[in-house]
Amino acid sequence: MRERSVNNTRPLSPRLSIYRWQPAMIASILHRFTGLVLVLFVPLYLWLLHGMTGTAHHFADVTHWLHSGFGRLSLWLVGVSLMYHFCNGIRFLSIDAGWGESRDAMRNSARLVLGLTALVAVLLAVLLV
Amino acid sequence: MNEKTTLPVKLPIKEPGAAHSGLSDWYWQRLSAVVLAVLLPLPFFLLVSVYGGSVDQQGLLDLLDHFISRLLHTLLIAALMIHVYMGLKVIIEDYVHVAGLRVCLTGAMLVVMTGFGIWWLAIIWAWGG
């Protein structure tokens, strides 16, 4: 029962309430957040896929929905999340492989990934508006 | 920062946990990540092509019905399920501190995920989903 006291006071991970906010930490928490967004998009994608492979009428409904405000917002959100999760995933893999493990390298690569995602977010917004 | 008082004196760090191994999950998460890095952008581009009008319904069906496409899609679904299971499990383990709730949530996630996986396969292999 020794573990019980640990369980009740376990801090949030990454240690949001304890450590100072840093690029590498923001990269880590955003990886989780964008992963969650991508998971939540799967049911929506299946609904769209179901419509797109249905009758011509269903297909027209789907394209109509995609062009609606909510549809375009969804496309933007999933595109940005995919871009971020993709780039940061490669960053994580390279860190696992022992490449870019130093504190400075991790900080700089986090900044690079965040910058790239911001750029894609703006580009995608321009394309979708 | 006064975290010490709530932790037991000796943490059993040497024990790898109930699974008695940490390598398997770690390895599968990275293997599925590599597969997803290649395959996951494809459905997004497909959706954007439909949105932009460069792929009509016949073009979409031709793409989806191709054997290679079905094979890649099946691989994508398998990798996605492995990756999502491990990612969500870690998030649940970090933020849900009540053991009973944690087990229920992980189980529910597995059931819901399997359901969506089967629906997806049904659409791709045109069983009538």
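Predicted model: local features only at pLDDT ≥ 70, side-chain atom pairs only at ≥ 80, totals over all residues.
Let me start with the overall make-up. Chain A has five helices and zero strands, and reading along its sequence gives the pattern α-α-α-α-α. Chain B also comes to five helices and zero strands, and from its N terminus the elements run α-α-α-α-α.

How much of each chain is buried? In chain A, buried residues make up 23% of the 129 residues. In chain B, 10% of the 129 residues count as buried.

Now a word on contacts along the sequence. Take the contacts in chain A between residues at least 6 apart in sequence: 68% of them join residues at least 24 apart. For chain B, the figure for that kind of contact is 67%.

Before we look at details, how confident is the predictor about chain A? The average pLDDT of chain A is 89, and 89% of the residues score at least 70. Confidence in chain A is lowest in helix α1, residues 2–8, with a mean of 50, and highest in helix α4, residues 69–96, at 96. Please be careful with residues 1–5 of chain A, where the pLDDT is below 50. Beyond near neighbours in sequence, that stretch has two contacts in the model.

Let's move to helix α2 of chain A, which covers residues 23–52. At 1.5 Å a residue, its 30 residues should span 44 Å, and the end C-alpha atoms are 40 Å apart, which agrees. If you follow this helix on your screen, look for a kink of about 30° at Val42(A), shortly before the proline Pro43(A). Val42(A) is also one of the buried residues of α2(A). Others on that list include Ala27(A), His31(A), Leu38(A), Phe41(A) and Met52(A).

Next, α4 of chain A.

Is Gly69(A) buried or exposed? Gly69(A) counts as exposed, because it has 7 C-beta neighbours inside 10 Å.

How do α3 and α4 of chain A meet? Two packed helices are described by the angle between their axes and the distance between the axes. Helix α3 of chain A takes in residues 56–67, and its axis and that of α4(A) come within 4 Å and cross at roughly 75°. Angles of 65 to 115 degrees count as roughly perpendicular, so that is how α3(A) and α4(A) are described. On the α3(A) side the contact is made by Trp65(A), Leu66(A) and His67(A), and on the α4(A) side by Gly71(A), Arg72(A) and Leu75(A).

Finally, one residue from chain B. Leu39(B) sits in helix α1 of chain B, residues 23–39. With 16 C-beta neighbours inside 10 Å, Leu39(B) counts as partly exposed. Which residues does Leu39(B) contact, leaving aside its neighbours within four places in sequence? They are Leu72(B), Leu75(B), Leu76(B) and Ala79(B). As for Val90(B), 51 residues apart from Leu39(B) along the chain, the C-alpha atoms of the two are separated by 23 Å.

Methods: Residues numbered from 1 in each chain as written. Chains lettered and ligands numbered in written order. Helix = DSSP H or I, 4+ residues; strand = E, 2+ residues; numbered from the N terminus. Buried ≥ 20, exposed ≤ 12 C-beta atoms within 10 Å, placed from the backbone. Contact = placed C-beta atoms within 7 Å. pLDDT = per-residue confidence, 0-100. Expected span 1.5 Å × (residues − 1). Bend = angle between axes of the 7 residues up to and from the residue. Axes fitted to C-alpha atoms, helices over the stretch in contact; angles between N-to-C directions. Parallel < 35°, antiparallel > 145°, perpendicular 65-115°, else oblique.
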